[in-house]
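The questions below ask how the labels used for a structure follow from its values. Each answer sets a value against a cut-off and concludes.

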Amino acid sequence: MKRTLYFTLIISIICSLFFPATAFAHAADSASGLQVTAPSAVLMEKETGQIIYEKNASERRPPASITKIMTMLLIIEDIEGGKISLDDIVSVSSRAASFGGSCVYLEEGERMSVDEMLKCIAVVSANDCAVAMAEHLSGTEQVFVERMNQRAQELGLKNTHFTNCTGLFDDNEHYTTACDVAIMSRELIKHPMIRNYTTIWMDSIRNGEFSLSNTNKLVHRYEGCTGLKTGYTEAAKYCLSATAERDGMEFIAVVMGSKDPELRNSDATALLNYAFANYSLCKLRQEEPLPSLPVEMGKGCALKLKYCGDEFALVSKGTTELQYNLRLPEIIKAPVKEGQIVGELIVSSGNSELARVPVAAAADVEKIGFWGIYARLGRSLFGL
């Protein structure tokens, strides 16, 4: 009976790791009432990475300036990693100064802080600043682009490849997808610092001599908008990764290939409105702390436990009161390794199971040896 119980528990935990239950469909059918005009789009929740809506989400497309989401991610990671600081001064090369399109008209030899460079990239999509920062961080833009592609691989972006850091050029080898843009956007907004730049509506540089106005009009128009990046070229058409936060939830709406900027903005608005109207987050943790688990034949008598996996799940609004069912064995045999799965927490709403959360050992517990058993027996006999 005990073996059967353990076997059933192990199988259910494995299933929960690879086939987690969700409270809604992972496809466009779950948002069938949405009317999105763009040829490619994705709606994702930030905390869980759950996709709520998708339309041709894996179709490779030219990304235009939403390329700079990856450019900004590398800049932010280098700042937070201590490689550079916001006060560092960037000297502009002749190549960076030669870039047109959306730019702030840098001049060769001009010196500007990392802080202002990043502001120009985020607010007005400055191509010249993006190239100047790429050269400052990696020596050449091409070496920086190699870093961009490496980071894309680390994020699992199998349908993304960069040939430049701006998106200015419609190269057939420079492509991504709405889904991949959502993933890299999610990674960028994990860094709160980026909001200092992507939420700017109007600002200036060069001591107020050059004005900046955000290319993302939703920053001004949409409640809770936190960014993130617009783009346009003749081949890519109008693209946008829009992020917004309300009531502790943040969503990412990616739109690619729109015919004009207003359609792009209305599609992103419709996606975000749908998300905030229909979904909420539920916590995949009990309020009470996890108990300790008795250990048989262990050097320690009690095993501390910890939760694994996501802390939240995305559920439909109106989900009834949650129930938490903690399943643990009565005792566990040593040795036990930290991270070893020993049980699970089942989170339900009514008759619907929402998620299974693995519960693991929080520390190693070694098996007690012969002399340890002898000493423990002696202490037990003599009341020591």
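Q: Why is Cys308 called partly exposed?
A: In this predicted model, the relative accessibility of Cys308 is 22%. Buried means under 20% and exposed means over 50%, so Cys308 falls in between and counts as partly exposed.

Q: Why is Cys129 called buried?
A: Cys129 has a relative accessible area of 0%. The cut-off for buried is under 20%, so Cys129 is buried.

Q: How many disulfides does the rule give?
A: The count is 0. A disulfide is a covalent bond between the sulfur atoms of two cysteines.

Q: What makes α5 a mostly covered helix?
A: Of the 12 residues of α5, 11 are buried. Among them are Asn127, Asp128, Cys129, Met133 and Ser138. The buried residues of α5 pack against α2, β3 (89–91), α3 (94–97), α4 and α6.

Q: How do you know that the length of α5 is close to the expected one?
A: From its first C-alpha to its last, α5 reaches 16 Å. At 1.5 Å a residue, 16 Å is also what is expected for its 12 residues. Just after α5, Gly139 has a positive phi of about 90°.

Q: Which residues touch the most other members of the largest nonpolar core?
A: They are Met70, Val104, Met117 and Met133, in a core of 65 residues. Elements that each supply at least two residues of this core include β1 (40–45), α2 (68–80), α4 (114–124), α5 (127–138) and β9 (249–258). Leaving aside residues up to four places away in sequence, Met133 touches Ile75, Ile84, Val90, Val114, Met117 and Ile121. Another core lies apart from the largest one and has 26 residues, including Leu43, Met249, Leu272 and Tyr274.

Q: Why are β2 and β7 called edge strands?
A: The sheet is open and has 5 strands, in the order β2-β1-β9-β8-β7, with antiparallel pairing. β2 (51–55) and β7 (225–233) each have a single partner strand, so one side of each has no neighbour in the sheet. On average, neighbouring strands of this sheet are turned by 5° against each other, direction ignored.

Q: How do you know that β1 and β9 are paired?
A: There are 6 bridges between β1 and β9, in the antiparallel sense. Two strands pair if there are at least two bridges between them, so β1 and β9 meet the rule. One of the partners is known by name: Leu43 is bridged to Ala253 in β9.

Q: Which helix lies across β1, β2, β7, β8 and β9?
A: It is α10 (residues 261–278), which runs at about 150° to β9.

Q: What makes the pairing of β11 with β16 count?
A: Strand β11 (residues 293–296) and β16 share 2 bridges in the parallel sense. At least two are needed, so the pair qualifies. Val295 has Ile332 in β16 as its bridge partner. These strands belong to an open sheet of 3 strands, ordered β12-β11-β16, with mixed pairing. β12 (302–303) and β16 (332–333) stand at its edges, because each has a single partner strand.

Q: Why is β18 called largely enclosed?
A: In β18, 7 of the 10 residues are buried, so the strand is largely enclosed by the rest of the structure. Ser352 lies in β18 (residues 352–361), yet Ser352 has a relative accessible area of 43%. That value is between 20% and 50%, so Ser352 is partly exposed.

Q: Which strands are joined to β18, and by how many bridges?
A: Strand β17 (residues 341–349) is joined to β18 by 8 bridges, and strand β13 (residues 305–307) by 3. Both run antiparallel to β18. Ile341 has Ala360 as its bridge partner in β18, while Tyr307 stands opposite Val359. β17 and β18 form a hairpin with 2 residues between them, and Gly350 in the turn has a positive phi of about 65°.

How values were computed
Residues are numbered from 1 along each chain as its sequence is written. This is a predicted model: local features need pLDDT of at least 70, side-chain atom pairs count only at pLDDT 80 or more; totals for chains, interfaces and linings use all residues. Side-chain values use heavy atoms; hydrogens and water are left out. A nonpolar core is a set of buried Ala, Val, Leu, Ile, Met, Phe, Trp, Tyr and Cys residues joined through side-chain atoms within 4.5 Å. Buried means under 20% relative accessible area, exposed over 50%, partly exposed in between (1.4 Å probe, protein chains only). Helices (H or I, at least four residues) and strands (E, at least two) are DSSP runs, numbered from the N terminus. Contact means heavy atoms within 4.5 Å. A disulfide is a pair of cysteine sulfur atoms within 2.5 Å. Axes are lines fitted to C-alpha atoms, for helices over the stretch in contact, and angles run from 0 to 180 degrees between N-to-C directions. The expected span of a helix is 1.5 Å times one less than its number of residues.
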